[in-house]
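Here's a quick look at how one predicted model packs together. Have a look at the fold first, then read on.

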Amino acid sequence: MTFLDRFEKGVERAVNGAFAKASRSEVKPVELASALRRELDEKAAVLARGRAVVPNEFVIELAPDDFDRILDWGAEAMGEELQEGAAAHAASQRYAFVGPVSVTFEENTELATGGFRVRSATVRGAVAPAANGTPSQKHPIVDIDGQRYLLTGPVTVIGRGSDADIIVEDTGVSRRHVEIRLTPDGPVATDLGSTNGSFVEGHRITNALLVDGNTITVGRTQVVFWTGEQTEAADDVQG
């Protein structure tokens, strides 16, 4: 059984009570999860080296009866389940997000019970895919398992949760595990109260000033931080 199969069954069990009286014409949570997967697949924009950027913000329009049922069960909790499912599918397909994943719900009185629509958008957050980008002090790059991200904002959160700027599929990583903040004094890594801690070059840290080439370890995942300074220095020596 794949992760997505387990996810779908988990959603069914989680909302079984709230949807126990639902008729066949009413929207089921698994249908929403499947629709998000299709949206990711259909909207994937291919980059270099087979990488693809996909939407990260989703709005699900629901008929009034279905919308009320989502509210009764808990729209925020349902949204989080769907966000995590979308993130897991993206990871399995090696899709890249340019910002945190969000799923919200809207009522649409033009829809009949059981019908729904998905709107999606690609909204840039604190990071962007860096297939061929060049790192700098202003916009460093981090490499996570061969996936490179250009840090475009002043603060980048790395974690397992769907609200993180860079999502890491590692059970040893907390939902919001560590942040990288670009300050006037240099880039600083700060642990966000994670369960298993954050490490820079093997040393557990609360916060630490980063230099070019540092490795940050979260869970079983290594994050390599680049500003390009070492490459520039080597070029100057050769020149």
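## Two helices crossing

At what angle do the axes of helix 2 and helix 4 cross? Roughly 40°, with the axes coming within 10 Å (lines fitted to C-alpha atoms over the stretch in contact, with angles from 0 to 180 degrees between N-to-C directions). Helices here are DSSP runs of H or I, at least four residues, and strands are E runs of at least two, numbered from the N terminus.

On the helix 2 side, P29, L32, A33, L36, R37, L40 and D41 meet M78, L82, A86, H89 and A90 of helix 4 (contact is heavy atoms within 4.5 Å). That makes up nine nonpolar, one polar and two charged residues.

## The cores

The largest nonpolar core has 25 residues, and L32, L40, I60, L62, L82, V103 and F105 have the most contacts inside it. Such a core joins buried Ala, Val, Leu, Ile, Met, Phe, Trp, Tyr and Cys through side-chain atoms within 4.5 Å, buried being under 20% relative accessible area with a 1.4 Å probe, protein chains only. Helix 2, strand 3, helix 3, helix 4 and strand 5 each give two or more residues, with helix 4 supplying the largest share, five.

Beyond four places in sequence, L40 touches V54, P55, F58, A86, H89, A90, Y95 and F97. A second, separate core of 20 residues includes V142, I158, I166 and V218.

## Ground rules

Residues count from 1 along each chain as its sequence is written, and side-chain values use heavy atoms, leaving out hydrogens and water. As this is a predicted model, local features need pLDDT of at least 70 and side-chain atom pairs 80 or more, while totals for chains, interfaces and linings use all residues.

Methods:
Buried < 20%, exposed > 50% of the residue type's maximum accessible area, 1.4 Å probe, protein only. Nonpolar A, V, L, I, M, F, W, Y, C, P; charged D, E, K, R; others polar.
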